[in-house]
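Here are my notes on the charged side chains, as you asked. Have the model open while you read.

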Amino acid sequence: MTHLTSTTDWTYEGELFNGTQAIEDGYVGFVYLITDLSNGIKYVGKKTLISKRRLPPLKGKKRKRVVIKESDWPTYYGSSEEVKDILEERGAENFKREVLHLCKSKGEMSYLEVVEQIERKVLLTNDYYNG
């Protein structure tokens with residue numbers, strides 16, 4: 001059991017989230033909830049754990065190269081411009097980051113993000129930064 005070291009860490013099921021282990025276990029991403037601790041307003045989103053880039057073929061070769069590396073998930077705070085502005089203004093310690101679902105495919109990730117957004121009525125209340 002790993003305990004939290006900081007409020008800026010990602011948690012999953014109440015424990016410190018180990019994204020590297022999740023990648024090794026075959027997960028490609030997660031659906032998350034970020035909470036602004038100053039006012040309780042939240043943001044639901046999704047994030048990939050790995051990024052794939054296609055590079056041009058090496059000289060004399062025909063096939064494109066695929067580079068797979070860990071994404072920027074450890075420092076990620078969502079794609080919301082509003083959240084980014086607040087983060088810059090007040091700092092990372094003002095937010096709580098939780099992984100809601102680990103996902104084995106991008107399709108599963110997109111589906112579960114929409115399910116969370118609909119169940120939480122993120123577009124119908126002022127409790128969420130989702131626009």
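The points below go through the salt bridges and then a charged surface patch.

1. Ground rules. This is a predicted model, so to speak: local features need pLDDT of at least 70, side-chain atom pairs count only at pLDDT 80 or more, and totals for chains, interfaces and linings use all residues. Residues are numbered from 1 along each chain as its sequence is written, and side-chain values use heavy atoms, with hydrogens and water left out.

2. Salt bridges overall. The structure holds seven of them, each one being a side-chain nitrogen of Lys or Arg within 4 Å of a carboxyl oxygen of Asp or Glu.

3. Glu113 and Lys46. Glu113 sits in helix H3 and Lys46 in strand E4 (residues 42–48), so the pair ties together parts that are 67 residues apart in sequence. Helices (H or I, at least four residues) and strands (E, at least two) are DSSP runs, numbered from the N terminus. Glu113 counts as buried because its relative accessibility is 14%, while Lys46 is partly exposed at 32%. Cut-offs here: buried is under 20% relative accessible area, exposed over 50%, partly exposed in between (1.4 Å probe, protein chains only).

4. Lys47 and Asp72. In this salt bridge the closest N and O atoms are 2.7 Å apart. Lys47 is in strand E4 and Asp72 in the loop between strand E6 (65–70) and helix H2 (81–90), which puts the partners 25 residues apart. With 12% relative accessibility, Lys47 counts as buried; Asp72, at 40%, counts as partly exposed.

5. Arg90 and Glu89. Here the closest N and O atoms of the salt bridge are 3.9 Å apart. Through shared partners, salt bridges join Asp36, Glu89 and Arg90 into one network. Arg90 is partly exposed at 35% relative accessibility, whereas Glu89 is exposed at 63%.

6. Positive patch. Which residues form the positive surface patch? Lys52, Arg54, Lys64 and Lys106 do. Patch members have over 30% relative accessible area and no salt bridge, with like charges joined within 9 Å and nonpolar side chains (Val, Leu, Ile, Met, Phe, Trp, Tyr) within 5 Å. Lys106 belongs to helix H3 (residues 106–119), and it counts as exposed because its relative accessibility is 58%.

Key. Areas by Shrake-Rupley, 256 points an atom, 1.4 Å probe, with all protein chains shown as cover. Lys, Arg positive; Asp, Glu negative; His and termini not counted. Charge placed at Lys NZ, Arg CZ, Asp CG, Glu CD.
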